[in-house]
Structure formats: C-alpha cells, structure tokens
Amino acid sequence: MIVTRFAPSPTGFLHIGAISTCQINEKLAHQSGGKILLRIEDTDTKREVEGTTSLIIEAFKKFNMFFDEGPISDTEETGEYGPYFQSQRKDIYLSGVKYLLEQDWAYPCFSTEEELDAIRKEQTVLKFRTGYYGKWAKYRNFPEEMVEKYLDEGRPYIIRFKSNGDWNNKRYFDDGIRGKVSMPENDIDIVILKSDGLPTYHFAHVIDDHFMGTTHVIRSDEWLASLPLHVQMFETIGFEAPKYVHLSPIQKLDDGNRRKLSKRKDPEANVEFYLQEGYPVEAVKEYLMNIANSDFEEFRKANPINAVEKFELKIDKLNNSGALLDFLKLDSVAKEYISTLSSSELYDKLLNWAKEYDTAFAEVMKNEEAYLKSILAIERDGVEKVRKDFYIYSKIKDEVSYFFKDKFSFDVKDFPVSLENARELVEAYKNLYVHEDVKENWFPKVKDLAEKLGYAKNPKELAKTPEAYKGTVADVACVIRILITGRAQSPDLYTVMQILGKEETLKRLNAKI
RNA sequence: GGUCCCAUCGUCUAGAGGCCUAGGACAAGACCCUCUCAAGGUUUAAACACGGGUUCGAAUCCCGUUGGGAUCACCA
C-alpha cells in the first residue's frame, strides 16, 4: 500500500505541473489501495501570498482532484495525522529539534548574514564548493560555555543539522525512475530551524513525511540534488526513509532552448489559464497523463471511453526527460474528449464553464436551454462519426453564434458566384424550399435546382467542360449557406435550418441581396 | 565552475544485444469520400546527437565529446 502526498507552498497560483505531479501521486496511491494527503508548506512567511491556499484548494476541486487527508479549505481539514498546515506544526518541529540537539546531531549557529556571504565569496574565489561545511562551519564545535554565553547575550541564532557525511564518499541513492544514482554524501550543515522559529523544507519534510506515514515521496526533479541530505537525515534520526521518485518538469521552447515552464513568464503555467480558455479538465488531465507516461496512449486506444481513473500507472514507466508542452496535442485530446460527450453532457459542462467565465453567455444558455441543446446535438447525438470541431468551451459561443439573431449577419462578398447569379439562385430556391421536407429530400432538390440553373453536379463535370457551367452544386449550396449562417462553412445545412425554424429560415432566405 | 540528470521523426514516445528495412500518436503533405466544414478511410515525408570501443551482431552495453536540463539560500 502506497501513501503519497502533495505539498505545495502557498506562494502563488497552482502550476500546471502541480496537477501532473499530483495526479501521479493520486493514482499511485489509490491504485494500490493507499491514500494521498495534502500538506500546505507555509513555512516561508516572506514569500507567502495571502489567499493562495484557498486558491490552490479550489483549483484542485475544479480539476476533480480530492485528497484523503489534509486541508479542505483554508481553515478546515480532515485526517488524523494533522495539522496539515506546517505553520501549525511548530511544536512538533521544535520537539524534533530539541531531540536532535540532545543527541548532538544539531547545533546552534550564530553566523550572521554578512559572515555567511563572506564565506560564500571566499569559497567562490578559492573555487571551493559553497556551503557551510568543514572548516567554514565555525559554530559546529563551538564550546558549550560559549554557546551559553552567546545565548545569554541574546545573540540571534539558527539551528543547523550536524552532518556526518563525507563529500569524498560516493554512494548510491534510489530513485523510482532513474534507478541507482551515484552522488557524494552530504557534508553541509544545513539549516533546520530558521530564526523565525519555523523549520526549513528539508527538516519539515523528514518530520512530516515520517509522522504522516508517507511511503513514497513523488516530487519534482529539482529535489533530486537534495536526496543525499534527506536520506542522511532520515538515517541519522533513525526513521525509515520513504521511496523517492523525481519527476521531470514540463518544459517549453524559448529561443530554441528548452526550459521549465515559468510561473512568472508563462501564462500557460497557471492552471487558471486552461480553466479560463475552457479546456475540459478531463482532457487536460488526460494530456498530462499522456506526457507523464506514454503507456497511457496505448491504454486510451484500448479503452476509448474509460476515464483516466482506470489506467494503471507504473513508476518505472514515468517519463524521465521532461516533455515540451504541446498545445496541438492537447487540442487533439480535447477534441476527442468532447466528441465523447452527449449534447446534454456538453451543455452541462459548457454552462458550468460559462457561469464562471462568460456570465452573459451563461444567461443565454439558461434562457434557451432546449435551443442550445439542439444546436450542440448537431452531428453529435445518435451519429456514428461525431463532429470533432469543439476543443475549448470558450470557442463554442463563436462557433454557434449564427444561431442567434443578434449575432447573425452575412456579406455578399463571400458568395462564390456573381451577385446576379446568386439572386437568381436564391429566388429559385425560395420557391422550392419546404421546411417540412425530410432530410433525404433536401439535398436532391438543391441538386436538381443546380442542374436546372446550369451548375455542374460535381466538380469532375465542371473540370471536363468548364465553359458549360456557372459553377457547381457546391457553389449553390454555398450561397444558401451564407444566407442562412453567414459563413461559407457550417455543419449540415438541413439540420441547421430545422433548428433555426421555419420562420427564421425564411426570413434569412428573404434577406435583401 | 562543482555535483547530478537527460539525449530516437517537428512534438510526445515504443524500444531491456538479433524480433528494427526503427513502430505508434499529434502536427504536416497527397489521395479517396463529400454540398462546405468537421470527421472517416488510404497514404507520403520525417529520427537513433557525434566519435571511439565491447560483440559474430549495438538505438540498446562501456568510454569520451557535444548539446540540453536541474541544483549549489535562514525559498520551497
């Protein structure tokens, strides 16, 4: 049984990579019958941005992602290993620090920022590794009476972990994706307790993941470099270390080079971007699963209708190099996804989206529910080959705008034939249009009309003797289409006219041209 | 710079020494179907970064080079 966790810090919006990481954590836990917990890493009071905890929680909800334990709002939480806000776990960390101090695995350090800077500079000049280690770890073996004295003087201090590692010793560390990774032992005395009394990530990680029962720490790549440190801390304290899995970040192309999607520079790093554009969250999750684990594509082919939830994820199949975010592929996944929806399912999801991002459209949708549903049903309900043109909710409004009187207009310049021919053709068509006709009768009539007026039945005939025709039947249909929809391309015209209704159709056919 | 990771079509990838004439998906091109579009069908082009080894045999193992990425805080 696998217990995983997702541990964001509330410093801004939720990153799209977080959805991916979290999805992997969630899947691995649940497919094993285990649990996933959410923990808010709010130990950096300087960087913390107010309100982002609830922002993150809300974003997860919008993506239909739920945790077995952890915060459910910015004040409430569930689960028996809490609190799940690190800022509320101060006492736990403090007693941990106290224990480490007693065991002589940690010590107070009185170095000032200036001293630390000086050390770093010196090390850089001397071409040594930077860090608080070896002879630079001035307070590592500071005499006890001096410590007492400094403490009495009220000097500010922090607590450092007393590393027992040797940088010249290489050893192997296990990573679920990469296997054995050889790295030098950690010999840097890292800070475990900051001057504000809050722990650093490293210490909080060890304490929390031990006491919360995490079995697998699945986190982003950037933590791989800290693996020796983390393993060392677990070993020193005598806790059993979790299994580690380091995920490659989603990247983007920038000036020909790949780089991690940046919160600051890239709007598409923000999950809100996808929500706002109206990408179905199901599609986004499928796409992310796709780049996280290529086996998923095979699964999709075999199980076209099944949800992501049924897929079994294998840790060693996880992508190890960092994929480029590919919107073309995302769009394609989204098209496929939307094509599996019935008109009323689509209606519900679209309305749900509009309520938040296009309230005016949401009102229209609510007022004309039946009409909207019939529009969304075009080449969707009850057909074998579903139309695949919708991929984001924000574009659907424009796609169907011609169904609404106030949004409809046409331009005679779009006609593929001369105005004169168009008039002739429309006049003739009006006379033979019967709204009550069944679908099977509709096109043959247009075809007959086309022939009578001197249009070729198909492009091949036109190609044979171009001078004999005014155009093809396609041109005839196109003129009608422009009159009805205002555009040269549309879904099946007959169906469109049926949905518009007799009155509106005739009105449009009778438009002055 | 130190440490570590990664390297297959444009993109995501399959690939565990012989099933590889390197497979699939997205994107692109062509054709078919077709009243337009969207689909659907058929199809074309497109890659093992480079150089050395090891081996009867290397995309696969080893070494090096190159390129890219991550990390080196009282941030997470």
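These legends walk through several close-up views of one predicted model.

The residues are numbered from 1 along each chain as the sequence is written, and chains are lettered from A and ligands numbered from 1 in the order of writing. Because this is a predicted model, local features need pLDDT of at least 70 and side-chain atom pairs count only at pLDDT 80 or more, while totals for chains, interfaces and linings use all residues; side-chain values use heavy atoms, with hydrogens and water left out.

**View 1**
A pocket here is an open set of points on a 1 Å grid over the protein atoms alone, where a 1.4 Å probe fits, with protein on both sides within 12 Å along at least five of seven lines; lining residues have an atom within 4 Å of a point. The volume is the space filled by probe spheres set on the points, which are joined across faces, edges and corners. There are 44 lining residues, and H15, A18, S220, E222 and W223 sit closest to the centre. Two or more lining residues come from each of β1 (3-6), α1 (16-31), α6 (201-211), β10 (216-220) and α9 (281-292). Helices (H or I, at least four residues) and strands (E, at least two) are DSSP runs, numbered from the N terminus. The top contributor is α1, with 5 residues. By class, the lining holds 20 nonpolar, 15 polar and 9 charged residues. Nonpolar covers Ala, Val, Leu, Ile, Met, Phe, Trp, Tyr, Cys and Pro, charged covers Asp, Glu, Lys and Arg, and the others, Gly among them, are polar.

**View 2. The second largest pocket.**
This pocket has a volume of about 880 Å³. Look for Y132, R160, D189, I190 and V191, the nearest to its centre among 39 lining residues. At least two lining residues each come from α4 (113-125), β6 (158-161), β8 (179-184) and α7 (227-237), and α4 gives the most, with 7. The lining splits into 18 nonpolar, 10 polar and 11 charged residues.

**View 3. Strand β10 and its partner β11.**
Of the 5 residues in β10, 4 are buried, where buried means under 20% relative accessible area (1.4 Å probe, protein chains only). The strand runs parallel to β11 (residues 243-247), and 5 bridges join the two; strands pair if DSSP finds at least two bridges between them. R219 faces H246 in β11 across this pairing. From β10 the chain passes through α7 to β11, a right-handed β-α-β crossover. Right-handed means that, with the strands pointing away from the viewer, the path from the first strand over the helix to the second runs clockwise.

**View 4. Y274 in helix α8.**
Y274 belongs to α8 (residues 271-277) and is buried, at 1% relative accessibility. Leaving out residues up to four places away in sequence, Y274 touches I16, E268, Y279, V284, L325, F327 and L330. Contact means heavy atoms within 4.5 Å. M289 is 15 residues from Y274 along the chain, and their C-alpha atoms are 16 Å apart.

**View 5. E286 in helix α9.**
E286 is buried too, with a relative accessible area of 8%. Beyond its neighbours within four places in sequence, E286 contacts F296, R300, V308 and V333.

**View 6. T472 in the loop between α18 and α19.**
T472 counts as buried at 8% relative accessibility. Not counting residues up to four places away in sequence, T472 touches Y455, A456, N458, P459 and L462.

Conventions:
Buried means under 20% relative accessible area, exposed over 50%, partly exposed in between (1.4 Å probe, protein chains only).
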